[in-house]
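Student: I am new to this structure. Please take a close look at a single part, and then at what else can be said.

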Amino acid sequence: MSKMVTLSIDGRSVTVPENTLVVDAAKMNGIDIPVFCYHPKMKPVGMCRMCLVEIGRPMIDRATNQPVLEDNGSPKIQFSPKLETSCTTPVSEGMVVLTRNDKVEAARKEIIEFILTSHPLDCPICDKGGECPLQNLTMRFGSKEGRFLFDEKMHLAKHVPLGELIWLDRERCIQCARCVRFQHDVVDDPVLDFHNRGRSLEIMTFSEPGFGSYFSGNTTDICPVGALTTADFRFGARPWEMKPAASLCAQCPVGCNLEYTVRREAKSGGATVIKRALPRQNESVNEIWICDKGRFGYHYTQDPARLGQPLVRRDGELVPVTFEEALKIIAEKAAHQPFQILAGGKLSTEDLAALRGLAQESGGKAWLHTYMSGGFTPHYGLSADANLGALGQGDAVLVAASDLHEEAPIWWLRVKQAAERGAALIVMNPRPTRLKKYARHVIRYAYGEESLAVAAMAEENLALAGEEIRAAAETLKSARNLVIFYGSEGLGLTGSKGLEQALADLLERGGFTGRENSGLIGVWHAPNLQAGFELGLPPAEGLADLPAGGVLYLAAADPAGDDPRQAAYFSGREFVIVQDLFLTESAKLADVVLPVLAYTEREGTFVSGERRLQRYYPALAARPGLKADFALTALIAKSLGYELEGRAASLALEKLAASQPAFEGLNYLKLAEVHEQWPQVGGSDLYYGGTSYANRQGLGKHLSRAAKPEPDAAPLREGIRDVPKNALRLVPHTRLYDAGSTFAPSRLLDQRRARRQLRIHPRSAEPLGLQQGSQALIELEGAPFTAEIVLDETIPGGTALYPRSLGVPMNAPFHAVVKPVFDKSAS
Amino acid sequence: MNTILNDYADEVQAILARYPQDQKRSAVMPLIHLVQARDGYVTKQAMTEIAEIVGISVTDVASVVGFYTLYHEEKGGRYHLQVCTDLPCALRGADEFLAKLCENIGIKVGETTPDGVITIEEVTCLAGCHHAPMFQVQGDGAITYHENQSVDSALEIIAELRRKAAAQEAE
Ligand code: SF4
Ligand code: SF4
Ligand code: FES
Ligand code: FES
């Protein structure tokens, strides 16, 4: 507990921890001091002078070192001759702060006048208008006329692209450096900076691509004026025309809390559409940030290619029918058949529970479509009051087989911050990633040997282990908490299982299981795989694992799209049902295709990788005729004579909570609970945190710890140890901007989207005749493909890295012959 | 290839040696001087190379280049004649001096004479306030100060610079 300090602000006595800044002390006690450059998530710089207040301190007699007293015995207060910036001044005992007297108000008026010297005040056409502190402060404190000469206002460029995502209006910039400091200090992408100075000062970027950062959109939130705007939203709508709706990001397992703002507009044919995604504050999850994938990734939900009507196969063709007809056909064909179900990790918890119910009722089985194993996370994962934001000195974080910056950017940020607060970071990966810079220990292993490396750290007998492993093991011995992230770099399902078990073993042996802020976190490739593991669904990479015969039912899973060879498993089935947003490759092979509502048009829950159960609300009205996945599954069940909860998502969750111990006691009301968070954001107040929304719709709740799973006895290392001559070991990795069906429709990111590239060490490339930038042919049996060669000295010899979700029909490591594609036209 | 490391291997090492290992970014200013002396201005390529040497982003190097009037991002003339017009100098007539000087040589502030020898620039305080009007001349890798100037004396200096340029061309 830090020492407390008592001071008076505007005549009120307040007590706050020592070192609190005056501006924060005031805010904590409901007193707004206007700011521009100060932001509670960043160090103060005192650049704008907006936060000036009058400060007095108890007078001390130099001779006696005693406070001087007034006649009435109260301490005599000495006021500084000049006003002070409350954002750079820490509180002190007995301090007297005045934030609203004439002197302060006059200063505010002057600062506003000064800031407006060349500001265009083009609020009527400014995207920030309506949620802009400069606008609000000008209305409140600004004088009616400036004394500066109107004709001498600077006129600067108003449409400067800082890359294709973020635009700068130079005239509006008030030089607060919030954007620059965010990029440097918060996310360590120093790609924005000041150029020139004084009135000519300008925000610029020299990165390639321009403003190259996965976090760039956040600067548009915290910019206190309309200088920075996103290409996605600028000139799109006025803030007051839009309605906010609480939601979650569905792009990765972090579960960032979002707010979608929507409006009905002529431009979209009279439909109500999402105009933008903004962060919603959840200090235990995403604070007030989101990554650009989350900000710009929602477009698939309103893509014109979405299915609007069921399709059934007639004479070999898929033809549109009504839901009644489709259900009738299902009732006929699927009666008394076991359902073999493949369910995707983009489904809600309720959807997954419904699918599991249908499988059980029909005597079949539901599988989770994933190349990652996670059956241990319900027991070894986080629970209760775990919070990555509380990790620091004395704690340890281990990141294994994951490039967090690419797989889950906000987790990357949270881990970086934990390391900066003093947590010991151990990074295990065969090649360097961006976390390396913050790591205390870096452990390298060969692809395929991840579980061996972990086992070496867990073993008592460390003699054979390398120095780094021993040092890391030493660190773990004294750690209070250990949070482990494991990803899927270089791993398929088998390898993932091995790694997961080795890591669970490490937690177990270190005595970390059950500790408050310790546990295993899977860096999943979908937002809600965790729920699938909580429900005990066995993982399946594709259809090969599913028993033949019966009804095949795919929901939010497209195995044939991932790998054309999977099409073979569709034949020989009695009946195939595909339920999806789009006419996927798998849907094209189905007997019945059922469209569903996007998650933005319904409610539901996701379980984040941290095992936090969170609610999302409908941002848009349901499309006429369509249903949510769980409701549709319940209808199918009903047509076959089974009873499932399909009336409301809240009821479905309640039913689940009654039978699944980890969910015990949780319901939609509990998930909607909020408590006050610091810093306070989202109000139209003058202490401006940004356009991030305050959380009024729920912070979610952790699941409780599930029973201990049985370890797998089988050997769990990826099978391809012996790479045949002439072949390379090809290992998958994940890139943030991929071409998956729920991200590709965000065309704005096209220029930054990862390409189908094979990264390979120059020494491995040379003997194969592969050159930088050339095309290579990869002879994958039954599904050859080409990729662009990128020479990369960080890739271990004999291996090549390929990106997932970019057209390579594999998600697990494999070996293949790689050779140059010769340009026929040239020969 | 990093042309700065290539052309100035020893100089770069000497510059880096002046700062602690973990504060290499301090070397950014002398390195910018180094390339400006070589190229006459600082290209984006050079900024990229400097960024690589000191381990900061190109944007941060560009920001330093952009902050100081001493550094140039565009080619400009062989000599940059930089006149201070900050308040103290202005009080001693620097504004008028600059205007007349420009009129005399027939170019505007920021422009370069057709022969490519002189670029005139307006800069902030050069710490010669009490001897204004004053300017500095940057070129050939050196900086020279010229205080208590009149338009005539400045024109003489320009003529001298032109002779110097011609002589060097002839070599
Ligand atoms: S662009 Fe916005 S955040 Fe950046 S310095 Fe200007 S006003 Fe501040
Ligand atoms: S970190 Fe993940 S959950 Fe958060 S905004 Fe980005 S993609 Fe979405
Ligand atoms: S100086 Fe305090 S907010 Fe800018
Ligand atoms: S003001 Fe001109 S040199 Fe100082």
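**One tyrosine, then the domains and a ligand**

Tutor: Start at Y668(A), which sits in helix α20, residues 668-671 of chain A (a helix is a DSSP run of H or I, at least four residues, numbered from the N terminus). This is a predicted model, in which local features need pLDDT of at least 70 and side-chain atom pairs pLDDT 80 or more, while totals for chains, interfaces and linings use all residues. Residues count from 1 along each chain as written, chains are lettered from A and ligands numbered from 1 in written order.

Y668(A) is partly exposed because it has 16 C-beta neighbours inside 10 Å (20 or more would be buried, 12 or fewer exposed; C-beta atoms are placed from the backbone). Beyond its neighbours within four places in sequence, Y668(A) contacts R615(A), S650(A) and L653(A) (contact: C-beta atoms within 7 Å). R615(A) is 53 residues away along the chain, yet its C-alpha atom is 7.4 Å from that of Y668(A).

Now the wider chain. Chain A is assigned domain 1 (4-100), domain 2 (155-302), domain 3 (311-368 + 536-683), domain 4 (377-523) and domain 5 (727-826) (bounds come from an automatic or database assignment).

Domain 2 and domain 4 of chain A each give at least three residues to the shell around ligand 2.

How values were computed. Helix = DSSP H or I, 4+ residues; strand = E, 2+ residues; numbered from the N terminus. Contact = placed C-beta atoms within 7 Å.
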